[in-house]
Structure formats: structure tokens, C-alpha cells
Amino acid sequence: MLGIHEIWLFILSGVLLNITPGPDSVYVIGRSMQMGWRGGAAAAFGISCGCFFHVAGAAIGLSALLMASSTAFSVLKLVGAAYLVVTGLQMLWSRPVLTAVRDQGERSSLRRVFLQGVFTNALNPKVALFFLAFLPQFVAADAPHKPLAFLMLGLIFISTGTLWCLVLAAFAARAANRLRQSEGAIAWINRALGGLFIYLGVRVAMLETR
């Protein structure tokens with residue numbers, strides 16, 4: 001009805017793309033080691049929400065606008081790069097906090113981790129262009145409801161990615177139960193995550209329109 005074809009190939013391709021190690025996986029693993037499973041889950045759901053912005057954008061044509069307009073692409077690119085670099089620097093300068101913190105402080109940290117995951121993906125134009133290039137391959141050219149087809153495929157892709165990230169979070173958190181009791185180890189995790197954000201910010205800043 002929606003004009004989607006070869007959905008089995010789409011699901012297989014999406015799973016393979018999701019399990020390929022990348023910045024999202026590193027972020028989820030790092031937060032899981034730092035804050036436990038809840039930290040990794042917050043990161044995973046934040047990443048998924050950020051991806052949904054681009055799926056919706058592809059469905060209503062915003063991603064096409066980013067590809068067609070160099071000004072819109074440049075603005076989003078610079079805002080995203082600045083956010084990532086500033087976040088990375090904050091993490092490099094942050095002081096380690098052990099897991100024995102007050103509940104309110106932990107809830108605040110989880111909220112911050114979630115929002116970082118959202119903005120990291122939502123402000124990355126490379127993610128928008130990926131969905132614009134990937135989703136149309138599985139929708140017929142004469143499909144009567146292309147926006148709904150894009151949304152359906154995007155939600156499938158996001159769902160498999162979220163499940164994979166939650167699995168990563170569980171394994172990483174279990175392996176790091178003892179590690180999280182060391183402030184020195186947490187400091188190194190902060191530095192690794194901060195370096196990752198700065199690296200991503202530089203990569204986003206260097207993106208060029210196609």
C-alpha cells in the first residue's frame with residue numbers, strides 16, 4: 001500500500017549498518033561504563049530521538065532542502081560542529097563523580113546524557129543526507145504516500161538501532177561495574193568521550209555539500 005519494496009533487504013541492511021561500530025556505539029558504551037545501564041539507555045534513546053528528526057525531515061523534504069541549499073547546510077553544519085566541540089571540552093574539563101550520588105543528581109545527569117544524544121544526531125547534517133540517500137532506495141517511484149513510506153522505514157531503522165544500542169549498554173555496564181568505582185577510570189572515560197565529541201565536531205565542520 002505504501003509502495004515499500006524489498007523490506008527484508010532494508011531490514012537486513014539496517015541491522016548491518018546499526019551493528020557496525022561507529023560514534024553512536026562508542027558513545028553508548030562510554031556512558032554505560034561511566035553511569036551504568038541507565039546511562040547507556042539514556043544515550044541510546046537520545047540518539048534514536050535525534051535520528052527521528054532526520055527521518056521526519058526526509059519525509060517532508062527538509063533533507064532535500066539541506067542538499068539543495070548550501071546556506072542551510074552550512075548553518076546547520078556550523079551549529080552542530082560548535083555544539084559538539086563545546087560539549088567535548090566540557091567533558092574534558094569535568095571532574096569525575098562516583099556512582100554513589102544523590103538520586104536527583106543522577107536524574108539530572110541522565111537527562112543531560114539523553115539531550116546530548118539527541119543534539120549530536122539532530123545537528124549533524126551528515127545523518128540527514130544519509131537518510132535522504134538510503135530510504136528512497138526502498139520506496140517505489142510511483143508510491144502514492146511517499147512521506148508515510150519514509151516514516152515507516154525510518155522507524156524500523158531506528159527501532160533496530162535502539163535495540164542494538166540497549167544490548168551494548170547492558171554488556172558494557174555489566175563489564176564495568178568495578179571500573180565505575182574508580183575516579184581515575186571515570187576521568188579517563190570522560191576524556192575519551194570528550195575527545196570523541198571534539199573529533200565529531202571537527203568532522204562535521206569539514207563536511208561539504210554534494
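Modeller: Start with one contact. In α2, Ser25, Val28, Ile29, Ser32 and Met33 meet Trp164, Cys165, Leu168, Ala169, Ala172 and Ala173 of α8. By class, this contact of α2 with α8 holds nine nonpolar residues, two polar ones and no charged ones. Keep in mind that this is a predicted model.

Now the geometry. Helix α2 covers residues 23–35, and helix α8 covers residues 146–175. They pack at an angle of about 35 degrees, and their axes are 8 Å apart. The crossing of α2 past α8 is right-handed.

Helix α8 has another partner, α3, which spans residues 37–60. The axes of α3 and α8 come within 9 Å and cross at roughly 165 degrees. Angles over 145 degrees count as roughly antiparallel, so α3 and α8 are roughly antiparallel to each other. Their crossing is right-handed. Residues of α3 in this contact include Trp37, Phe45 and Phe52. On the α8 side, Phe150, Leu155 and Cys165 are among them. The contact of α3 with α8 divides into 20 nonpolar, four polar and no charged residues.

Next, the core. The largest nonpolar core has 34 residues. Phe10, Val28, Phe131 and Leu135 have the most contacts inside it. Two or more residues come from each of α2, α3, α6 (103–122), α7 (125–134) and α8. Helix α8 gives the most, with 10 residues.

Finally, look at Val28. Leaving aside neighbours within four places in sequence, Val28 is in contact with Gly40, Ala43, Ala44, Ile47, Cys165, Leu168 and Ala169.

Terms used. Residues are numbered from 1 along each chain as its sequence is written. This is a predicted model: local features need pLDDT of at least 70, side-chain atom pairs count only at pLDDT 80 or more; totals for chains, interfaces and linings use all residues. Side-chain values use heavy atoms; hydrogens and water are left out. Axes are lines fitted to C-alpha atoms, for helices over the stretch in contact, and angles run from 0 to 180 degrees between N-to-C directions. Helices (H or I, at least four residues) and strands (E, at least two) are DSSP runs, numbered from the N terminus. A crossing is left-handed if the near helix is turned anticlockwise from the far one by less than a right angle, and right-handed if clockwise. Contact means heavy atoms within 4.5 Å. Ala, Val, Leu, Ile, Met, Phe, Trp, Tyr, Cys and Pro count as nonpolar, Asp, Glu, Lys and Arg as charged, and the others, Gly among them, as polar. Angles under 35 degrees count as roughly parallel, over 145 as roughly antiparallel, 65 to 115 as roughly perpendicular and the rest as oblique. A nonpolar core is a set of buried Ala, Val, Leu, Ile, Met, Phe, Trp, Tyr and Cys residues joined through side-chain atoms within 4.5 Å. Buried means under 20% relative accessible area, exposed over 50%, partly exposed in between (1.4 Å probe, protein chains only).
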